[in-house]
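Have a look at the structure first, then try each task before reading its solution.

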Amino acid sequence: MSLADPDLRASPSGHRAGAAPILEARGLQAGYGEGLVLRGIDLAVRPGEAIGLMGRNGMGKTTLIRTLLGQLAARAGQVLVDGQDVTRSPTFRRAQRGIAVVPEGRGVFGSLTVIENLKLAARPAADGTTPWPLDRVLAIFPRLAQRAGNRGDQLSGGEQQMLAIGRALMTSPRLIILDEATEGLAPLVRDEIWRTIRTVREAGLACIVVDKTVGAVLSVVDRAEILVKGSLVWSGKPEALRADPELMHRHLGV
Ligand SMILES: Nc1ncnc2c1ncn2[C@@H]1O[C@H](COP(=O)(O)OP(=O)(O)O)[C@@H](O)[C@H]1O
Ligand SMILES: [Mg+2]
């Protein structure tokens with residue numbers, strides 16, 4: 001292999017396109033009841049890589065995330081973590097291998113305090129390290145530190161979202177999946193969430209970002225993937241997508 005091989009060059013964000021994927025989908029199909037939603041998805045996320053999973057409402061983004069995590073059964077195809085087939089493994093096994101999710105709707109425990117929510121999620125990585133201990137998470141979310149003793153149901157929407165991201169980090173992930181993390185938040189709070197996503201990126205975590213704010217997604221990811229009716233129809237660099245207004249309009253409505 002030559003060093004000129006494009007697959008071996010590090011990207012600006014430090015991931016190596018030639019590295020083995022953390023998470024991979026091969027010919028993945030899934031749906032609800034009789035209906036098929038995902039029509040054969042091929043996708044790979046490599047260490048340190050950030051992917052923007054784009055597409056209009058109802059195209060299957062959340063369904064893909066749920067199938068990757070094992071919350072929804074695959075009808076056909078495979079999910080692999082570090083090259084190992086986990087298609088039939090339960091969700092917690094995938095989490096143990098370093099896949100964390102910040103779900104649509106956040107999922108914080110309303111009756112527990114901020115600190116209790118964070119501590120409950122805490123888990124070392126498979127190699128025994130704890131890259132995101134409580135003090136580091138509180139340092140990137142000063143608002144959570146201020147609200148440490150407040151219950152989840154006493155937090156604002158933005159604070160709950162920060163807590164959901166903090167909880168995901170406490171699981172020592174290698175890949176973090178954010179599904180509509182800025183949905184319904186005020187502009188200033190959104191900015192704070194995007195700053196955090198950048199911090200997480202700079203720390204070397206891989207991520208999959210789903211968000212309606214197309215411009216913000218394109219500013220943090222290495223690659224965009226466009227989902228239309230359960231099929232990935234376009235994949236490429238954010239610059240290439242930005243340079244094609246017709247494509248953006250047709251598939252993203254912007
Ligand atoms: N729990 C469910 N039961 C039945 N159909 C669902 C369910 N969740 C989503 N769908 C359908 O699956 C399709 C994809 O939805 P979803 O994955 O939520 O899209 P997105 O996240 O891209 O907005 C839509 O047609 C939606 O109506
Ligand atoms: Mg969704």
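**Exercise 1.** In which sense, left-handed or right-handed, does H3 pass H6 in their crossing?

Solution. Keep in mind that this is a predicted model. Find H3 at residues 114-121, then look for H6 beside it: the axes of the two are 7 Å apart. H3 passes H6 in a right-handed crossing. Next, pick out the residues that touch: Val114, Asn117, Leu118, Lys119 and Ala121 on the H3 side, and Leu163, Gly166, Arg167 and Met170 on the H6 side. Sorted by class, that's five nonpolar, two polar and two charged residues.

**Exercise 2.** Work out why H3 and H6 count as roughly parallel.

Solution. Start with the packing angle, which is about 30 degrees. Angles under 35 degrees count as roughly parallel, so H3 and H6 get that label.

**Exercise 3.** Now describe how H6 packs with H7.

Solution. H6 covers residues 157-170 and H7 covers residues 187-202. Their axes lie 10 Å apart, at an angle of about 10 degrees. That angle is why H6 is roughly parallel to H7. The handedness of this crossing is right-handed. H6 brings Gly158, Gln161, Met162, Ile165 and Leu169 to the contact, while H7 brings Val189, Glu192, Ile193, Thr196 and Val200. Go through them by class and you get six nonpolar, three polar and one charged.

**Exercise 4.** Which ring does the charged end of arginine 136 sit over?

Solution. Look at tryptophan 132: the charged end of arginine 136 sits over its ring, 3.7 Å from the centre.

Methods. Residues numbered from 1 in each chain as written. Chains lettered and ligands numbered in written order. Predicted model: local features only at pLDDT ≥ 70, side-chain atom pairs only at ≥ 80, totals over all residues. Heavy atoms only, no water. Axes fitted to C-alpha atoms, helices over the stretch in contact; angles between N-to-C directions. Helix = DSSP H or I, 4+ residues; strand = E, 2+ residues; numbered from the N terminus. Parallel < 35°, antiparallel > 145°, perpendicular 65-115°, else oblique. Left-handed = near helix turned anticlockwise from the far one by under 90°. Contact = heavy atoms within 4.5 Å. Nonpolar A, V, L, I, M, F, W, Y, C, P; charged D, E, K, R; others polar. Lys NZ or Arg CZ within 6 Å of the ring centre and 35° of its normal.
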